[in-house]
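Here are some friendly notes to read alongside the structure. Keep the 3D view open and look up each residue as you come to it.

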Amino acid sequence: MKKILLLIMAASLLLVSCSSNGTSQTKESSSAETGTASAKTSGEEKPAEDVIITYAVNYSGEGKFYDKYIERFNEMDNGYKIKVKNYNDFADDTAESYEIGHALADMQLNLDIMKGDVVDLVSSASYFNQGYYDIIEKKGAFADLNTMMANDTDFDRTELNEHVLSLYENDGSLFRMPMQFSVETLAGPAKYVGEKENWTVDEMIEHYNAVPENVSFNMKHDKYGVFMNTIRGNLGSFIDYEKGTANFDNPEFIKILEFCNRFGESSGIVNDVDSTAPLFLRTNSIYSFKGYHMDLWEFSSKGDECTFVGYPSDDGSGAFIDAGYAFSICSSADDDIKRGAWEFIKMMVSEEVQNEMLEDYSDDGVFPINNKSFEKSAKDCMGTGENIISMQGTEYDVGYLTEDEYERLKTYINNTKKIKTTLYTELYVVIDEEVTKFFNGEYTAEEAAEMIQNRASIMVSEKAG
């Protein structure tokens with residue numbers, strides 16, 4: 001416990017002290033960003049020895065997804081080599097929980113990033129909890145990739161999904177490069193949820209009030225299960241790490257708490273759930289054309305039309321983009337290291353590598369950030385004639401992705417205006433504690449929201465420092 005407290009105190013002091021350096025993202029004028037981004041395009045001679053790029057990861061063992069790409073990059077004769085630093089070594093297996101023990105590794109990584117000269121390249125795979133990735137990004141820790149793209153004459157930004165990139169921009173700067181993405185939403189049959197894609201809290205409640213009594217809200221159909229579906233998957237929308245603010249005391253959050261409280265308690269027994277009852281809603285992660293087509297087919301096979309309604313929100317745009325894996329380059333890295341790190345990122349978003357990722361994810365699929373790979377993944381799911389699959393001993397003709405389905409999804413992606421924000425572990429604990437107390441009748445929805453707001457505001461402001 002002493003180790004945990006010391007590290008948390010050190011993290012808080014360092015992150016606060018670095019707040020004055022947080023402007024490096026917008027004010028940084030190193031030649032790596034204002035000059036030519038690539039050693040190849042700048043005409044500079046390669047150094048006599050390879051430039052070492054330190055990449056932080058949070059795993060142990062071999063055979064991880066990006067290992068082969070790091071190995072391939074290191075085999076190139078381009079003057080750069082990537083060295084992996086495993087932050088899983090900083091996790092405390094003796095901590096009171098697995099999450100807290102690994103949060104120490106995340107805090108150590110952020111300490112090293114802000115100190116400088118320790119880590120040069122980070123990604124989503126660098127963190128156990130990506131909330132710490134979001135926090136450090138807002139503190140000015142990463143270099144602007146938009147500038148690097150603009151200054152690299154060998155790179156064409158329009159080859160990537162510019163809408164997704166725009167969602168991750170901050171004041172015109174891009175501090176992480178998504179490799180792939182998914183769309184996180186809620187889905188239900190149009191006869192219950194309506195045909196409008198995305199909705200407000202009031203619209204959700206209005207539609208649910210009109211369904212037959214035998215319709216289950218979701219598979220769990222209890223207070224906490226409904227909360228998990230309607231709010232917990234989208235809790236990040238109530239946090240602004242950049243401003244250091246929380247917004248849990250707003251009327252929409254209170255209204256959803258009150259709605260969730262209409263349902264019963266969970267017995268914790270799986271058999272108590274009526275799996276045959278028609279469902280009002282279900283969570284829906286759209287991460288591949290194959291999976292997307294199957295989602296639509298599952299609804300149509302029951303005579304229903306599927307509507308993607310998003311998480312209920314005050315502006316009716318509750319679906320969000322989750323970038324999955326993304327890479328960032330540390331602002332503190334030397335210019336030549338930044339150039340090398342950019343060369344690696346550029347390789348990763350190339351059509352060749354993105355197509356290879358599609359093969360790596362052949363079972364589950366992935367939406368590539370590269371436009372040509374995105375189109376390829378769609379065409380690979382299209383076809384004519386029968387497409388027979390077997391489920392529980394019964395064969396079904398599920399057909400293939402159609403042009404209309406493809407265009408519908410592209411439109412839905414382009415109309416999605418939010419990105420996923422991950423809450424760090426301590427904040428999840430606070431919210432769960434106060435929501436549980438509300439469900440137990442210890443205070444009102446307004447009091448629960450106020451308690452969450454007070455505790456969350458302190459925590460977020462400290463992290464924002």
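1. Let's start with a term: a residue is called buried when its relative accessible area is under 20%, exposed when that value is over 50%, and partly exposed in between. Cys 330 has a relative accessible area of 0%, so Cys 330 is buried. Cys 260 also counts as buried, at 0% relative accessibility. Please remember as you read that this is a predicted model.

2. On to cysteine pairs. How many disulfides does a search of the whole structure find? The search finds zero.

3. Now look at Ser 331, which sits in the loop between strand E13 (326-329) and helix H15 (335-348). Its relative accessibility is 10%, so Ser 331 counts as buried. The side chain of Ser 331 reaches the backbone oxygen of Phe 142 at 2.9 Å.

4. Next come the charged pairs. Side chains of opposite charge can pair when their charged atoms come close. The count here comes to 24 salt bridges. One of the pairs is Glu 356 with Arg 72, whose side chains meet at 2.7 Å, N to O.

5. Another salt bridge joins the side chains of Asp 152 and Lys 346, at 2.8 Å from N to O. Asp 152 lies in the loop between helix H8 (145-151) and helix H9 (162-167), while Lys 346 lies in helix H15, so the pair ties together parts 194 residues apart in sequence. Asp 152 counts as buried at 2% relative accessibility, and Lys 346 counts as buried at 14%.

6. Arg 455 and Glu 434 form a salt bridge too, with their closest N and O atoms 2.6 Å apart. This pair links helix H20 (residues 445-464), which holds Arg 455, to helix H19 (residues 425-439), which holds Glu 434; the two residues are 21 residues apart. Arg 455 is partly exposed at 29%, but Glu 434 is buried at 1%. Elsewhere, salt bridges that share partners join Lys 68, Arg 72, Glu 356 and Asp 360 into one network.

7. Finally, find the largest pocket, which holds about 1,100 Å³ of space. It is lined by 48 residues, and the closest to its centre are Gly 236, Ser 237, Ile 239, Ile 419 and Thr 421. The lining divides into 16 nonpolar, 15 polar and 17 charged residues. Strand E10 (residues 282-286) gives the largest share of that lining, three residues.

Terms used: Residues are numbered from 1 along each chain as its sequence is written. This is a predicted model: local features need pLDDT of at least 70, side-chain atom pairs count only at pLDDT 80 or more; totals for chains, interfaces and linings use all residues. Side-chain values use heavy atoms; hydrogens and water are left out. On a 1 Å grid over the protein atoms alone, a cavity is a set of points where a 1.4 Å probe fits but cannot get out, and a pocket is an open set with protein on both sides within 12 Å along at least five of seven lines; lining residues have an atom within 4 Å of a point. Grid points are joined across faces, edges and corners, and a volume is the space filled by probe spheres set on the points. Helices (H or I, at least four residues) and strands (E, at least two) are DSSP runs, numbered from the N terminus. Ala, Val, Leu, Ile, Met, Phe, Trp, Tyr, Cys and Pro count as nonpolar, Asp, Glu, Lys and Arg as charged, and the others, Gly among them, as polar. A disulfide is a pair of cysteine sulfur atoms within 2.5 Å. Buried means under 20% relative accessible area, exposed over 50%, partly exposed in between (1.4 Å probe, protein chains only). A polar contact is a pair of N or O atoms within 3.5 Å; within protein, one must be able to donate a hydrogen and the other to accept it, and residues adjacent in sequence count only if both atoms are side-chain atoms. A salt bridge is a side-chain nitrogen of Lys or Arg within 4 Å of a carboxyl oxygen of Asp or Glu.
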